Amino acid sequence: MQEYFRNIWQGLSTVLTGMKITFKHLFVPAVTIQYPDVKVPLPERVRNRLYVNMDDCIGCDQCARVCPVNCITIETVKSVPGEDLGKTSNGKKKALWVTQFEIDIAKCCYCQLCVFPCPTECIYMTDVYEFSELERENLNFNFVTLSKEEILQKKENYAKLEAEKAAQKAAAAKPAVANPEQKPTDN
Ligand code: SF4
Ligand code: SF4
C-alpha cells in the first residue's frame, strides 16, 4: 500500500518538475519566430544570391577570371561599326555584346570576390537567400537579356565583318600581275 502511494507521489512530482520549466517560460519573451512568415533581419554585409544588372555589364570578364571555383561563364561578341550599345550608368562605353552570362550558384562559395573587380558595380550580392531547387541545373542562373535570335544575329554580323576584313587583307597582299606589253625599264 505504501509502495502504491509512493509511485503516485513520484509520478506527480515528476510532472510538476517538468511543468515548472514550462510555466517559467510562459512569462519570458519568446526567442523563436514564426519563420517563414517572420524573418530575422539580415546583417548589413550578408552574402546571398548574386545578381547581375546586364544593362551595366560591359562583358570585361573580370568577375569570371577572379572566381576561385570557375562558376561564372561569360561569352561576348564584338560589336560591328554602326552598332551603338550605349553607356553604363557610370559612363563606361559598351563595345561588346554579352551573349552568355551564367552563374552556377550550386558551385558558388559566396566569397564575393567577383563583386570587387567589377568596373561598373553591376554584379552584387542580394538579400535573397531562399532559392533552393529540386533540380541542380535550375541553380545555373542565366542573366543574358538578348534573345537567341539576337545572339545569332550578333555572331553572324561579327563573322561577316571578319570575313570582309580577311578578304580585303588577302587582296592587298596579292602581287600585281605583270603587264606583258610593258617594256622593261632601263637600269
Ligand atoms: S561569390 Fe565567389 S564563388 Fe561565387 S561567383 Fe563570386 S567569385 Fe565565384
Ligand atoms: S566584371 Fe562586371 S562588367 Fe565585367 S563582365 Fe563581370 S559583371 Fe560584367
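Author: Two strands are said to pair if DSSP finds at least two bridges between them. The model discussed here is predicted.

Reader: Which residue stands opposite Asp104, given that β3 and β5 pair?
Author: Strand β3 covers residues 96-104, and strand β5 covers residues 140-142. The two pair in the antiparallel sense over three bridges. In β5, the residue opposite Asp104 is Asn140.

Reader: How many bridges join β2 to β3?
Author: Strand β2, residues 72-78, runs antiparallel to β3. Ile74 stands opposite Phe101 in β3. The number of bridges that join β2 to β3 is seven.

Reader: In what order do the elements of the protein run from the N terminus on?
Author: The protein has three helices and five strands. From the N terminus on, their order is α-β-α-β-β-β-β-α.

Reader: What is the radius of gyration of the protein, and what would a compact globule of 187 residues have?
Author: The C-alpha atoms fill a box of roughly 145 × 35 × 35 Å along the principal axes. A compact globule of 187 residues would have a radius of gyration near 16 Å. For the protein, the value is 34 Å.

Reader: Does helix α3 lie largely in the open or is it buried, and why?
Author: Helix α3 covers residues 148-173, and its 26 residues should span 38 Å at 1.5 Å a residue. Its end C-alpha atoms are 38 Å apart, which agrees. Because the number buried among its 26 residues is one, α3 lies largely in the open.

Reader: How many residues of helix α1 are buried?
Author: Helix α1, residues 2-26, reaches 36 Å from its first C-alpha to its last, close to the 36 Å expected at 1.5 Å a residue. The helix is hardly covered. Among its 25 residues, the count of buried ones is zero.

Reader: Is Leu96 buried, exposed or partly exposed?
Author: Leu96 is found in strand β3, and the residues it touches include Ile58, Gly59 and Thr76. A residue counts as buried if 20 or more other C-beta atoms lie within 10 Å of its own, and as exposed if 12 or fewer do. Because 18 other C-beta atoms lie within 10 Å of Leu96, this residue is partly exposed.

Reader: What distance separates the C-alpha atoms of Tyr129 and Arg47?
Author: Tyr129 is found in the loop between β4 and β5. Leaving aside neighbours within four places in sequence, Tyr129 is in contact with Asn48 and Arg49. Tyr129 and Arg47 are 82 residues apart along the chain, yet their C-alpha atoms are separated by 8.6 Å.

Reader: How many charged residues does the shell around ligand 2 have?
Author: Ligand 2 is surrounded by 15 residues, of which the closest are Cys57, Cys60, Cys63, Cys118 and Ile123. The shell holds 11 nonpolar and three polar residues. The number of charged residues is one.

Reader: How many nonpolar residues does the shell around ligand 1 have?
Author: Around ligand 1 there are 14 residues, and the closest are Cys67, Cys108, Cys111, Leu113 and Cys114. The shell has one polar residue and no charged residues. The number of nonpolar residues is 13.

Definitions and conventions. Residues are numbered from 1 along each chain as its sequence is written. Chains are lettered from A and ligands numbered from 1 in the order in which they are written. This is a predicted model: local features need pLDDT of at least 70, side-chain atom pairs count only at pLDDT 80 or more; totals for chains, interfaces and linings use all residues. Helices (H or I, at least four residues) and strands (E, at least two) are DSSP runs, numbered from the N terminus. The radius of gyration is taken over C-alpha atoms; the globule rule is 2.2 Å times the number of residues to the power 0.38. A residue is near a molecule or strand if its C-beta atom, placed from the backbone, lies within 6 Å of it. Ala, Val, Leu, Ile, Met, Phe, Trp, Tyr, Cys and Pro count as nonpolar, Asp, Glu, Lys and Arg as charged, and the others, Gly among them, as polar. Two residues are in contact if their C-beta atoms, placed from the backbone, lie within 7 Å. The expected span of a helix is 1.5 Å times one less than its number of residues.
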